[in-house]
Amino acid sequence: MLEISHLKKSYNGQPVLRDVNLTLAQGEVMAIIGPSGTGKSTLLRCVNFLERPESGTIALDELTVDAARATQAQIHALRRRTAMVFQNYNLLRNLTALENVMEPMVTVQRLPRLQARRRALELLDKVGLADKADFYPRRMSGGQQQRVGIARAMGGDAKVILLDEPTSSLDPELIGEVLAVIRQLAEEHTTMVIVTHEMKFAREVADKMIFLEDGVAAGEGTPEEIFERC
Ligand code: ADP
Ligand code: ADP
């Protein structure tokens with residue numbers, strides 16, 4: 001469903017990703033682990049062209065984008081098929097939780113407001129925040145804000161949800177509630193790619209793990225296989 005081939009990305013002539021290859025089937029959860037500064041976050045941002053790879057291809061269902069000759073229309077199509085959950089939530093501060101979840105549905109998917117509202121309320125309920133729909137981000141804890149971010153990502157047409165260290169901005173006592181939501185999505189076979197440094201979580205949630213090191217996917221396998229090798 002998602003296939004990344006020969007992905008390459010450098011910053012200022014310094015290669016970060018040298019030749020990354022990976023595949024993910026529909027309904028699978030992949031965790032990307034590896035030392036800090038090794039390019040995990042860069043890899044995730046390359047998947048939806050938030051960072052433009054130098055070369056390589058990204059194929060998502062019937063769409064294949066060759067980085068070297070990607071058109072704006074292809075990049076746009078790829079972005080619609082992916083949704084990012086950011087470490088720092090990236091909620092709009094002047095919108096309520098409900099409006100934050102509705103926003104891409106209205107502006108990107110062009111759903112009628114009433115329909116978007118109904119869907120957004122369902123998603124907030126799913127992440128346990130039905131009673132916080134009218135709260136502004138500043139009145140919510142980090143864990144609650146991140147759950148709004150997850151609900152927003154689930155609301156679009158995305159085929160795959162990309163999560164960049166979804167729990168690392170959170171106080172320890174709030175991490176559990178976000179992990180529980182992600183684990184529930186995994187059980188429902190939401191296709192996800194998760195960058196995380198939390199091994200225990202990665203092991204519990206992922207069907208497949210890749211260990212990124214020196215710009216390549218140095219290991220790929222089930223959590224059991226990866227941990228046996230470490
Ligand atoms: P990780 O997520 O594994 O911690 P990153 O993908 O954030 O790693 O970063 C990989 C390397 O690329 C680091 O050395 C980082 O400093 C560098 N890097 C990341 N983003 C940029 C950028 N926009 N400009 C220059 N260097 C960057
Ligand atoms: P993460 O924690 O997701 O790995 P970082 O904290 O490394 O991200 O980086 C945060 C932001 O700073 C990113 O947008 C990244 O592109 C940028 N960045 C990281 N390293 C550098 C760098 N050496 N030069 C310029 N920008 C950088």
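Colleague: Start with α1. Why is it largely enclosed by the rest of the structure?

Modeller: First, a caution: this is a predicted model. As for α1, six of its eight residues are buried, so the rest of the structure largely encloses it.

Colleague: Which residues of α1 are buried?

Modeller: Lys-40, Thr-42, Leu-43, Leu-44, Cys-46 and Val-47.

Colleague: And what follows α1?

Modeller: Phe-49 does, and its phi is positive, near 65°.

Colleague: Now the ligand. Which helix gives the largest share of the shell around ligand 1?

Modeller: Helix α1, residues 40-47, with four residues. The residues around ligand 1 include Lys-40, Ser-41, Thr-42 and Arg-45. Also among them are Pro-35, Ser-36, Gly-37, Thr-38 and Gly-39, plus Tyr-11 and Val-16.

Colleague: How does that shell divide by residue type?

Modeller: Three nonpolar, six polar and two charged.

Colleague: Which polar side-chain atom lies 2.9 Å from an oxygen atom of ligand 1?

Modeller: One belonging to Lys-40. Backbone atoms take part too. A polar one of Gly-37 is 2.8 Å from a ligand 1 oxygen, and for Thr-38 the distance is 3.1 Å.

Colleague: How much of ligand 1 does the protein bury?

Modeller: 57% of the 560 Å² that ligand 1 exposes when taken alone.

Colleague: What lines the largest cavity?

Modeller: Leu-2, Ile-4, Leu-22, Met-30, Ile-32, Leu-43, Leu-44, Val-47 and Val-193. That lining is nine nonpolar residues, with no polar and no charged ones.

Colleague: Which element supplies the largest share of that cavity lining?

Modeller: α1 again, with three residues. β1 (2-11), β3 (29-33) and α1 each give at least two. Leu-43, Leu-44 and Val-47 line the cavity, and these residues of α1 are buried.

Colleague: What about the largest pocket, how much space lies in it?

Modeller: About 590 Å³. It is lined by 24 residues, and the closest to its centre are Arg-79, Thr-82, Ala-83, Met-84 and Pro-104.

Colleague: Which elements each supply at least two residues of that lining?

Modeller: α2 (72-80), β6 (82-85), α3 (97-107) and α5 (142-155). The largest share, five residues, is from α2.

Colleague: And how do the residues of the pocket lining divide?

Modeller: Into 10 nonpolar, nine polar and five charged.

Methods: Residues numbered from 1 in each chain as written. Chains lettered and ligands numbered in written order. Predicted model: local features only at pLDDT ≥ 70, side-chain atom pairs only at ≥ 80, totals over all residues. Heavy atoms only, no water. Near = heavy atom within 4 Å. Polar contact = N/O pair within 3.5 Å; in protein donor to acceptor, adjacent residues only side chain to side chain. Areas by Shrake-Rupley, 256 points an atom, 1.4 Å probe, with all protein chains shown as cover. Nonpolar A, V, L, I, M, F, W, Y, C, P; charged D, E, K, R; others polar. 1 Å grid on protein atoms, 1.4 Å probe; cavity = no way out; pocket = protein on both sides within 12 Å on 5 of 7 lines; lining within 4 Å. Points joined across faces, edges and corners; volume = space filled by probe spheres on them. Buried < 20%, exposed > 50% of the residue type's maximum accessible area, 1.4 Å probe, protein only.
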